[in-house]
Amino acid sequence: MKLLEERIKQDGQVLSDHVLKVDSFLNHQIDPGLMQEIGREFAQRFAADGITKIVTIESSGIAPAIMAGLYLHVPVVFARKRKSLTLSEDLLTASVYSFTKKETNEISISKKYVNEHDRVLIIDDFLANGEAALGLLHIVQQSGAEVAGIGIVIEKSFQDGAAKLKQLGIRVESLAQIAALANGEVTFLNQETE
Ligand code: 5GP
């Protein structure tokens with residue numbers, strides 16, 4: 001997605017060979033116009049897939065997921081990283097090791113909101129080693145719902161998350177694919193082959 005790639009080039013900060021900071025439009029301050037275009041793009045890519053629900057993870061997955069939900073006319077459920085007093089119903093849970101925070105979180109959603117009648121699109125902000133996506137996949141599969149695919153805003157293709165998911169036969173749609181973050185520069189996959 002050209003608009004997103006341009007924004008990453010313009011505002012993304014390469015913190016190391018492995019980490020990209022996008023706090024100015026996705027992870028802290030959020031650009032609603034860009035989120036709207038991201039939502040529209042996800043909705044187009046999954047328009048023919050009979051999606052009934054979107055599942056994401058708090059907090060940075062929520063903005064792109066809600067915009068996709070708006071265009072696909074389906075509800076959005078976000079997995080929580082901490083147990084909440086009000087989230088006491090039957091829970092579906094998975095353990096997720098965080099790439100950026102270096103800690104393991106038990107993530108959960110209520111059984112009430114995802115069930116065997118759903119066709120789910122999973123959405124997240126970044127795909128690195130695939131821990132978050134695999135955790136969400138695990139939760140959705142426990143519910144008996146079908147997973148139609150995974151939509152990712154920024155895939156770091158030099159890490160193995162995308163390959164792991166594809167090996168499981170899961171469709172992955174990433175709006176920006178980063179081939180490398182070497183020397184403080186972002187190189188996209190499509191740029192390499194141009
Ligand atoms: P994974 O679980 O695929 O290893 O990592 C994905 C999760 O870690 C995402 O939900 C995202 O929050 C975070 N993450 C991974 N890599 C990056 C990165 O380079 N930059 C930012 N801002 N977040 C990242």
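I looked up T56 and found its place in strand β3, residues 53-57, strands being DSSP runs of E of at least two residues and helices runs of H or I of at least four, both numbered from the N terminus. The model is predicted, with local features needing pLDDT of at least 70 and side-chain atom pairs counting only at pLDDT 80 or more, while totals for chains, interfaces and linings use all residues. Residues are numbered from 1 along each chain as its sequence is written, and side-chain values use heavy atoms, with hydrogens and water left out.

I noted T56 as buried because its relative accessibility is 0%, where buried means under 20% relative accessible area (1.4 Å probe, protein chains only). I then checked its side chain, a polar atom of which lies 2.7 Å from the backbone oxygen of I123.

Turning to the ligand, I found 16 residues surrounding it, the closest being L20, A128, N129, G130 and K156; a residue is near a molecule if one of its heavy atoms lies within 4 Å of it. Strand β7 (119-127) and helix α4 (131-143) each supply at least two residues of this shell, and β7 gives the most, with 4 residues.

Taken alone, the ligand exposes 500 Å², of which the protein buries 88%, the accessible areas coming from the Shrake-Rupley method with a 1.4 Å probe.

How values were computed
Buried means under 20% relative accessible area, exposed over 50%, partly exposed in between (1.4 Å probe, protein chains only). A polar contact is a pair of N or O atoms within 3.5 Å; within protein, one must be able to donate a hydrogen and the other to accept it, and residues adjacent in sequence count only if both atoms are side-chain atoms.
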